[in-house]
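Subject: Handing over the structure

Hi,

Here is the structure I said I would pass on. Have a look at it first, and then read my notes below.

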Amino acid sequence: MTTAFRRADRRVSPVFLALVAAMAVSGWAVWSEKLAANTGFAVFLFVVSGWVVSLCLHEYAHARTALHSGDLSVADKGYLTLNPLKYTHVLLSIVLPVIFLLMGGIGLPGGAVYIERGRIRGRWRDSLISAAGPLTNVLFAVVCTAPFWLHGLDGVPVPFRCALAFLALLQVTAAILNLLPVPGLDGYGVIEPWLSHSLRRQVEPIAPFGLLLIFGLLWVPELNRAFFDLVHTVLGALGVSEMYSYLGQEFFRFWQGAPGGVCPING
């Protein structure tokens with residue numbers, strides 16, 4: 001019985017498989033332009049499903065690293081199934097990140113897994129657990145931008161290029177935001193094991209408001225501009241021009257009317 005439960009705790013969730021299927025089908029629709037009249041809607045489905053898939057992988061990376069660092073409870077909590085419904089509160093973990101995606105094209109750090117830190121063997125492992133999530137976003141961004149930095153864009157339809165670029169932008173924004181050393185975010189989790197106990201106790205009440213603080217600061221035009229300058233610098237290093245990600249967001253917002261005609265991009 002125990003073995004059966006263990007296998008169930010680690011079996012990939014049908015919910016996650018459905019998300020991957022939605023991403024694959026919508027990606028095929030964007031690529032083949034079978035829904036030419038609704039390309040924007042296809043891009044929307046592709047990006048949203050891809051974004052939620054990345055949220056699941058982000059949290060899975062935290063959980064898997066914790067499992068190998070001493071916290072076996074993550075399996076019992078269902079974190080290894082990649083089921084987005086298992087990652088804390090559905091509203092905070094999935095719904096709000098998607099809403100912020102719709103509002104501003106920002107990859108808001110979503111979900112969370114509860115790690116029993118007392119079981120973790122050593123501070124380095126503790127830091128690595130926190131770093132695993134944002135590093136997953138970085139890897140996802142590298143995969144999304146592979147056609148760009150590998151110079152393999154020949155034959156790739158422009159809408160699909162734009163969709164990949166925008167999805168990559170979301171991954172980069174999520175990675176940068178999550179790596180900030182602000183209480184409540186993974187960047188703080190990386191350094192927290194190395195702080196004194198008294199300092200951690202003082203900072204603890206701030207943690208629930210860290211993300212709100214960051215979001216508030218992003219409303220300051222100068223900070224917002226500096227943040228997205230950094231994002232586009234990273235994307236540029238991966239071979240993605242700002243025009244691609246911009247047009248990807250325009251396609252994504254299909255309710256406003258997708259970019260008309262042929263995108264002004266060559267190569």
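What follows is a walk through what turned up, from the overall layout down to single residues.

Before you start, please note that this is a predicted model: local features need pLDDT of at least 70, side-chain atom pairs count only at pLDDT 80 or more, and totals for chains, interfaces and linings use all residues. Residues are numbered from 1 along each chain as its sequence is written, and side-chain values use heavy atoms, with hydrogens and water left out.

**The overall layout**

The chain has 13 helices and zero strands. Helices here are DSSP runs of H or I with at least four residues, strands are runs of E with at least two, and both are numbered from the N terminus. Of the chain's 267 residues, 49% count as buried. Buried means under 20% relative accessible area, exposed means over 50%, and partly exposed is in between (1.4 Å probe, protein chains only). As for contacts (heavy atoms within 4.5 Å), take those in the chain with a separation of 6 or more: 73% of them come from residues 24 or more positions apart.

Start with α2 (14–32). Its 19 residues should span 27 Å at 1.5 Å a residue, and the end C-alpha atoms are 26 Å apart, which agrees. The expected span is 1.5 Å times one less than the number of residues in the helix. Which residues of α2 are buried? They are F16, L19, M23, S26, G27, A29 and V30. Looking down the axis of α2, you will see these buried residues fall within an arc of 160 degrees, so they line one face of the helix. That arc is taken from the directions from the helix axis to the C-beta atoms. The buried residues of α2 pack against α3, α6 and α8, while P14, V25 and W28 are exposed on the other side of α2.

Next comes α3 (39–67). With 29 residues, α3 should span 42 Å at 1.5 Å a residue, and its end C-alpha atoms agree with that at 41 Å apart. Here 24 of the 29 residues are buried, so α3 is largely enclosed by the rest of the structure.

**The core**

In soluble globular proteins, nonpolar side chains tend to be buried together. A nonpolar core is a set of buried Ala, Val, Leu, Ile, Met, Phe, Trp, Tyr and Cys residues joined through side-chain atoms within 4.5 Å. The largest one here has 65 residues, and F46, V47, L167, L170, V231 and F252 touch the most other members. The elements giving two or more residues to this core are α2, α3, α4, α6 (123–144), α8, α12 (221–237) and α13. Which of them gives the most? That is α8, with 15 residues. For a closer look, pick V47: leaving aside neighbours within four places in sequence, V47 is in contact with A163, F166, L167, L170 and F252.

**Aromatic pairs**

There are 13 aromatic pairs in the structure. Rings of Phe, Tyr and Trp (its six-membered ring) pair if their centres lie within 6.5 Å; planes under 30 degrees apart count as stacked, over 60 as edge-to-face and the rest as tilted. One of the pairs is F166 with F252, with ring centres 5.3 Å apart and planes at 55 degrees, so the pair is tilted. F166 lies in α8 (residues 158–178) and F252 in α13 (residues 242–252), so the pair ties together parts that are 86 residues apart in sequence. F166 is buried, at 0% relative accessibility, and F252 is buried at 0% too.

Another pair, F254 and W255, is edge-to-face, at 5.3 Å centre to centre and 80 degrees between the planes. F254 is partly exposed at 31% relative accessibility, and W255 is partly exposed with 45%. Ring pairs link F41, F44, F166, F252, F254 and W255 into a cluster.

L82 is in the loop between α4 (73–76) and α5 (90–104), and H151 is in the loop between α7 (146–149) and α8. Are they buried or exposed? L82 is buried at 8% relative accessibility, whereas H151 is exposed at 71%.

Finally, with a disulfide taken as a pair of cysteine sulfur atoms within 2.5 Å, the count comes to zero. Among the cysteines, C144 is buried at 5% relative accessibility and C162 is buried at 0%.

Cheers
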